[in-house]
Amino acid sequence: MYTRVQTARNKWGGSLGAIDSWLDDRQQLIVSYCKLAALPPFDTKRTTLPSQANVQEFCQLMVDYLSAGHFEVYERIVSESATNGTDSRKLADSLYPKIAVSTDLALNFNDLYADHLSTRHSGAFDRELSELGQALEQRFEYEDQLINTLYEKHNDSSVQA
């Protein structure tokens, strides 16, 4: 996941302020996810549930990231495709339902764990966190396709921000 952010930053960084900010948010989300999941280079020997504060931090970053995508970046892509051609709009229309699957999964995770992680959920937590990580990975791939389209087809002075 992290290398995907670095690749995206190298490819599209500096082309659009909203994308730069969104990629920064993505990086923070990935780091928080890795800490929560105890993935390297973080604590790889987690034997208990993470703290409620760490779960809340991750969930807040995740909800902020999802919101920025839906209400800033996706809207920008739709508005640009409306003025600069239909190819981007077709791609966006085909990818939004796929992205929505991960949104639903993420919001469900947030509802379940953001405010009340408990030992009764301990068996499901790691499994659901893993499923969420896989869904986010797929989401990032779809989002990168949208960003690439915006960058390649609409990279002119009207897109710079």
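## A pair on helix α5

Let's start on helix α5, where Arg 127 and Glu 131 both sit, four residues apart, or about one turn of the helix. This is a predicted model, so keep that in mind as you look around. The two residues form a salt bridge, and their closest N and O atoms are 3.5 Å apart. Side chains of opposite charge can pair when their charged atoms come close.

Arg 127 has another partner too: it forms a salt bridge with Glu 128, with the closest N and O atoms 3.8 Å apart. Glu 128 comes out at 18%, and because buried means under 20%, Glu 128 counts as buried.

## Salt bridges across the chain

How many salt bridges does the structure hold in total? There are five of them. One joins Asp 144 to Arg 26, with the closest N and O atoms 2.9 Å apart. That pair links distant parts of the chain: Asp 144 belongs to helix α5 (residues 122–154), while Arg 26 belongs to helix α2 (residues 17–36), and the two are 118 residues apart.

Are Asp 144 and Arg 26 buried or exposed? Both are buried.

Now back to Arg 127 and Glu 131, whose salt bridge has its closest N and O atoms 3.5 Å apart. Elsewhere, salt bridges with shared partners tie Arg 26, Arg 139, Glu 143 and Asp 144 into one network.

Next, the cysteines. A disulfide is a covalent bond between the sulfur atoms of two cysteines.

Cys 34 has a relative accessibility of 15%, so it counts as buried. Cys 59 is at 1%, so it counts as buried as well.

## Around Asn 110

Cys 59 also turns up in the surroundings of Asn 110, a residue of helix α4 (residues 87–113). Which residues does Asn 110 touch, leaving aside those up to four places away in sequence? They are Cys 59, Met 62 and Val 63.

Why does Asn 110 count as buried? Its relative accessible area is 18%, and the cut-off for buried is under 20%.

Terms used
Residues numbered from 1 in each chain as written. Predicted model: local features only at pLDDT ≥ 70, side-chain atom pairs only at ≥ 80, totals over all residues. Heavy atoms only, no water. Buried < 20%, exposed > 50% of the residue type's maximum accessible area, 1.4 Å probe, protein only. Salt bridge = Lys/Arg side-chain N within 4 Å of Asp/Glu carboxyl O. Contact = heavy atoms within 4.5 Å.
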